Amino acid sequence: MHTTDPLFQPLALGGLTLPNRIVMPPMTRSRATQPGDCANALMARYYAQRAGAGLIVSEGTYISPMGKGYAGTPGLCTPAQVAGWRGVTDAVHAAGGRIYAQLWHVGRLSHTSLLGGQAPVSSSAIQAEGVNVFIQNEDGSPNFVQASAPRALPVAEIQAIVEEYRQAARNAIAAGFDGVELHAANGYLVNQFLDSEANNRTDAYGGSLENRIRFLDEVARALVETLGDPARVGIRLAPLTTLNGCVDADPVATYTAAAKRLGEIGVGYIHIAEADWDDAPDMPLSFKEALRRVYPGVLIYAGKYTAERARDALQAGWADLIAFGRPFVANPDLPDRLRNDVPLAEHDRNTLFGGDARGLTDYPVSGAR
């Protein structure tokens, strides 16, 4: 047992004791039962296999029918969907794990075929040009199509969506999750309010930085009120990326202010998604240190971290937890492999989205303990 290994130090979070600093982050796998978009026994096995993570955050789970953006993704807004997720959380807890639900509204990153013919909604009527979403053809085969043009949300509908987040948090509690993570990253709805170039509103939800933060603030407060413990709420942000067409004119100022506000609200953690594509620029250390200064809670970082980079980040003090995305796909026993320096298996890209157990639950463990 490497008791001095920074990756394997315990951490208190939201009434939980995480046995290590390794997080399994949200990863869309598009295997919810159809029709109904319900989590199922296959997904329960998948998550339970990975219960050795200090914390699991579920794949993005839509909070309402209009929040759906991809075929085969699960929801958390019908009784059947809540029951499906209860099977997952029971399996994870039986395996000794801890799991938060990621609450997801994609906003403009959807297609009319997924929304009963309706246009997607967003902060503004600005299309995400060149951004594709995953749908299924009539014969069930996968297809990627340009996201449909959205309509701008009136204020009354914005308030209704805040309430949908609140109800989704109640549903997460009923489904047995240990907490919730708000998806405010990667170009989805909250991000569409935050980033200046995706938001051309002239009312209380647009224009100034204070106004662009308002929707994030209101949703975060609703989640905290519903969970009853701020530490059981996390927020995922993607500060310096331009994923899915969301661009901010001054991301350092915007996201430092957002982190400061979330600290004032008292949320338990901020989950930072760094750029993880090939040749992506590194997030400046100065920015990470600035986030640490303004935000007193737990900071999770994700973005092509190796075990060595993860340990360095934890020892430097600007990170408290490190999320490993793709490595968890093909390595259900990832913590054991990292602890014992066992080589990591590579995932099959062709089985990431949709399908059956192949490429989901059939990756072997290494036997390392």
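The lining of the largest pocket divides into 23 nonpolar, 13 polar and 8 charged residues. Nonpolar here covers Ala, Val, Leu, Ile, Met, Phe, Trp, Tyr, Cys and Pro, charged covers Asp, Glu, Lys and Arg, and the others, Gly among them, count as polar.

This is a predicted model, where local features need pLDDT of at least 70, side-chain atom pairs count only at pLDDT 80 or more, and totals for chains, interfaces and linings use all residues. Numbering runs from 1 along each chain as its sequence is written, and side-chain values use heavy atoms, with hydrogens and water left out.

Back to the pocket. Its volume is about 1600 Å³. Of the 44 lining residues, Met27, Asp276, Arg326, Leu352 and Phe353 are the closest to its centre. A pocket is an open set of points on a 1 Å grid over the protein atoms alone, where a 1.4 Å probe fits, with protein on both sides within 12 Å along at least five of seven lines; lining residues have an atom within 4 Å of a point. The volume is the space filled by probe spheres set on the points, which are joined across faces, edges and corners.

Helix α9 gives the largest share of the lining, 3 residues. Helices are DSSP runs of H or I, at least four residues, and strands are runs of E, at least two, numbered from the N terminus.

Now the backbone. Most peptide bonds are trans. Glutamine 34 and proline 35 are joined by a cis one, with omega about -10 degrees. Proline 35 sits in the loop between β3 (22-24) and α1 (41-49).
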